[in-house]
Amino acid sequence: MKQQLSIDRVKSRPKRSLGQNFLNDDNFLRLLSKNITTNNDTTIIEIGPGKGALTNYLIKKKFKYLYLIEKDYHLSVQLNNNYKKFDNIKIINHDALSYDFRNFYKHNDVVILGNLPFNISTQLLFKWLCEKKWPPFYRKMILMFQKEVAERIISNHNKKNYGRISVASQARCKIRKIITAPSKVFFPKPKVDGVVLEFIPSIKYKDLDFESLLTLLKKSFSQRRKKIKNNLKNHVELLEKLNINLDFRAENISVEEYCKIAKML
Ligand code: SAM
């Protein structure tokens, strides 16, 4: 009995390797939840529901299905117990990074959301931005990032924190900051604050080959201090044609300009 209790305690201890910082502030959760709009036809996909802090607000909303993708087996068992009376809530015990989201292609009005584990948040974002078919299967994403990453995502050109992730995200989506999550709203308390962003897929650069854009960004930002004519030395003619100052550095080139270059590669 004693041994079982201590095994249970170890199982329920937050796992750093899985980025387990659970939300435990009702005011914050209420505010976040207010920003999540759904209807009777919505499929909500929550990534990393953990112990269900946000899920408990989601179940009060309108939705057709609610999918919970949780990598931690023990938490997925708890979630199964908590929500077993709902036949439109499905728990998927899987790594969201390797999960095949094509399973949702036939669903209407998909909303992806989650207080993501900080250590894999950018990988997950890229997975959804890299969807081949654009606009993609989701209508909206509402995702938590560590503050510094969120600031890079929404940064504009000519700013120090403007980089690959800013251009890639803004070429694909309209992005809005929803709310800051001070570190004290989590348990255990992380070293940094979080920020929740909303992403709405945009068709502004619908015909863009996203893979070409990513390759271009990799070359452009590989050495940030170098001038663009050096980082893109094989495309100087193209830069001239687009009236892009050859002495600019990667951070001085706008999202629109990067998309124009990528389209002509
Ligand atoms: N949503 C909960 C909350 O706000 O209290 C938990 C958020 S916690 C930051 C991240 C959650 O994602 C944890 O429950 C963790 O087990 C889960 N997780 C970590 N890596 C994952 C992965 N690759 N795929 C799915 N879930 C993952």
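Reader: Where is the place of Asp109?
Author: Asp109 sits in the loop between β4 (89–93) and β5 (110–114); strands (E, at least two residues) and helices (H or I, at least four) are DSSP runs, numbered from the N terminus. This is a predicted model, in which local features need pLDDT of at least 70, side-chain atom pairs count only at pLDDT 80 or more, and totals for chains, interfaces and linings use all residues. Residues are numbered from 1 along each chain as its sequence is written.

Reader: What phi does Asp109 have?
Author: Its phi is positive, about 45 degrees, although Asp109 is not a glycine. Most residues other than glycine have a negative phi, and most peptide bonds are trans.

Reader: Which bond at Pro135 is cis?
Author: The peptide bond from Trp134 to Pro135 is cis, with omega near 0 degrees. Pro135 lies in the loop between α5 (121–129) and β6 (138–146).

Reader: And what joins Phe187 and Pro188?
Author: Phe187 and Pro188 are joined by a cis peptide bond, with omega about -10 degrees. Pro188 belongs to the loop between β8 (186–187) and β9 (194–201).

Reader: Turning to the ligand, which residues come nearest?
Author: Phe22, Gly48, Gly50, Ala96 and Asn115 come nearest, out of 24 residues around the ligand. A residue counts as near if its C-beta atom, placed from the backbone, lies within 6 Å of the molecule or strand in question. The elements giving two or more residues to this shell are β1 (22–23) and β3 (65–70).

Reader: How do the residues of that shell divide by class?
Author: The shell has 13 nonpolar, 6 polar and 5 charged residues. Here Ala, Val, Leu, Ile, Met, Phe, Trp, Tyr, Cys and Pro are nonpolar, Asp, Glu, Lys and Arg are charged, and the others, Gly among them, are polar.

Reader: At what angle do α7 and α8 cross?
Author: The axes of α7 (residues 164–172) and α8 (residues 210–221) cross at roughly 155 degrees and come within 10 Å. Axes are lines fitted to C-alpha atoms, for helices over the stretch in contact, with angles from 0 to 180 degrees between N-to-C directions. The two helices are therefore roughly antiparallel, a label for angles over 145 degrees.

Reader: Which residues make that contact?
Author: Arg164, Val167, Ala168 and Ala171 of α7 meet Leu213, Leu214, Leu217 and Phe221 of α8; contact requires C-beta atoms, placed from the backbone, within 7 Å. By class, this contact has 7 nonpolar, no polar and 1 charged residues.

Reader: How far apart are the axes of α7 and α11?
Author: Their axes are 9 Å apart, and α7 packs with α11 (residues 255–264) at an angle of about 80 degrees. The pair is therefore roughly perpendicular, the term for 65 to 115 degrees. Val167, Gln170 and Ala171 in α7 meet Val255, Tyr258 and Cys259 in α11.

Reader: Into which domains is the chain divided?
Author: The protein chain is divided into domain 1 (2–201) and domain 2 (210–264), with bounds from an automatic or database domain assignment. Their centres, taken over C-alpha atoms, are separated by 33 Å. The contact takes 11 residues from domain 1 and 12 residues from domain 2.

Note on methods:
Angles under 35 degrees count as roughly parallel, over 145 as roughly antiparallel, 65 to 115 as roughly perpendicular and the rest as oblique. Two residues are in contact if their C-beta atoms, placed from the backbone, lie within 7 Å.
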